[in-house]
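Welcome! Here is a short briefing to read alongside the sequence and the 3D view.

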Amino acid sequence: MPQTRQLKEESYFTKHQEHAFILKAILASLIIYSASLLLHMLSSYLPYFSEFIKILIPVILIPVILISLYIKSLLDDKGIVGTVEEFLKKYLSFFPITYERTSVISIVPWFTYYIIAINIMVFYIFELNVSYEFIADNLIFIPYKPDFLNIFVSIFTSIFLHASSSHLWGNMGFLWATGTVLERRMGWRQFLLAYFVSGILGSLLATLIYAVIEGITLHGLGASGAIAGLMGVFAIRCYFKNMSFPIPLIGPLNINIRMNSVVLIGLFFAMDLSEGWKQLGGESNSNVGHWVHIGGMTVGVCYAYIRKMQHHAIVERHIEKARDILQTGVGLMDVEREVKLVLQKEPNNVEALEILADVKTTFGRTPEGETTYVKLIRLLSKSNPEEATRIFKKYNENYGGLKDIQLLMKIADIFRKTTNELDMAKRCLRMIGLDGWIENEDKETAKIRETALFELVVVTQQMGDREQAKRYLEIFVDRYPGSTLLPKTKQRLKNPKCKG
């Protein structure tokens, strides 16, 4: 009887995991926002309900935290002091936090820091010492006394002005949380372009909405439109990231609520949209620029899509998932699946190649592990020579010397001239010039080995081993009596201190 196999058709979201991830995040935002609306309605109909909630949360939350800390201190080796210290670092802060890997953190986001510093100086040095009338008449957008010059200048200057210190520091907190993450990925030029384009277009969009719907002129200031634009970029480029947002607990003490960045940014967008409609409908007298936020965030999302940042985000998410699985020590097949998804999109992605090579070498030598390491070394030798030497050391530990002597010669040159690791350079040159030497090789290979043996003499002399250098010189003269390098070798034989 012939065997039959039932093929199960994969669902749309199984094939498109990223779409499923985003949909879950959006649904979570809607659920949380709906719950907040319900609480607001209950507060409206039930007297003292909001006060009751404010008292109830700390009463329940604080004992739960204390009990959890005590139990954790019993399970860990850090003790109660170490456990409390770890908790404070992880969950308590005054600003939003985005969780980053150290490999990315090594890039310093200077222009984010510059913008924060400029905003602080403008507020405390300029705004507090200049009359409000001058700022309102000339520097906010749209100025109260517009003219041909300030109407264009103000759309830029308004981005650096703030109405109060709380306005300033609230904006700077979000700029720090999103800007430091994005600048490391986008580069400072694209980061600045996204920042100012979002700020300018967000203000123009809000101005247009108020002019068309309300028939009034909007006068605004603040960096929130530009920062909302960064949040829009963040929602696309770093959709998989978790952020912590400080929620007031007791007095100045905040507790970090950790959630996916799309969920958090989605909540802000929903609140801005709701409050924005209330402003247009006359139900709210708030002076918060909700439509500037909406405009800036929309521009940021469009900018990220135009720059195709979603593709880079997908790649980074799979690599992070692979690294997270690796840390657990189980699920190597899942790691391999994640990095191969990356390599389908970017065959030369060095992070994915290194993870794949490591996984394939976990239980010993494999042909795929070896070829992946070699490919990685070849790529890095062109783009990042120092990293190439690090990967070569891994390869050498697991597989021995490279069979490709041209690539091995290049690595030896990097060790000698870039990283100044003469011992490693010497080992590579010895593999080529001495250990692998055979008679009657093809001319190209023989020439590489001849050069390697001569360089071996040079490196050995640089290391101060004159006797060994002399022996290598003698071998060179014996093997290559007709070499064009022979005059140099004879000079070295007489004077080992000479440079060649």
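Helices (H or I, at least four residues) and strands (E, at least two) are DSSP runs, numbered from the N terminus. Glutamate 354, for instance, lies in helix α16. This is a predicted model, where local features need pLDDT of at least 70 and side-chain atom pairs count only at pLDDT 80 or more, while totals for chains, interfaces and linings use all residues. Residues are numbered from 1 along each chain as its sequence is written, and side-chain values use heavy atoms, leaving out hydrogens and water.

**Confidence**
- The protein has a mean pLDDT (the predictor's confidence in each residue, from 0 to 100) of 83, and 76% of its residues reach 70 or more.
- Where pLDDT is low, the predicted coordinates should not be read in detail.

**Glutamate 354**
- Glutamate 354 is buried (under 20% relative accessible area; exposed is over 50%, partly exposed in between, with a 1.4 Å probe and protein chains only), at 13%.
- Leaving aside residues up to four places away in sequence, glutamate 354 touches Leu376, Arg390, Ile391 and Lys394.

**Helices α15 and α16**
- The axes (lines fitted to C-alpha atoms, for helices over the stretch in contact, with angles from 0 to 180 degrees between N-to-C directions) of α15 (residues 332–345) and α16 (residues 350–360) come within 9 Å and cross at roughly 150°.
- Residues making this contact include Leu332 and Val335 of α15 and Ala352 and Leu353 of α16.

Note on methods
Contact means heavy atoms within 4.5 Å.
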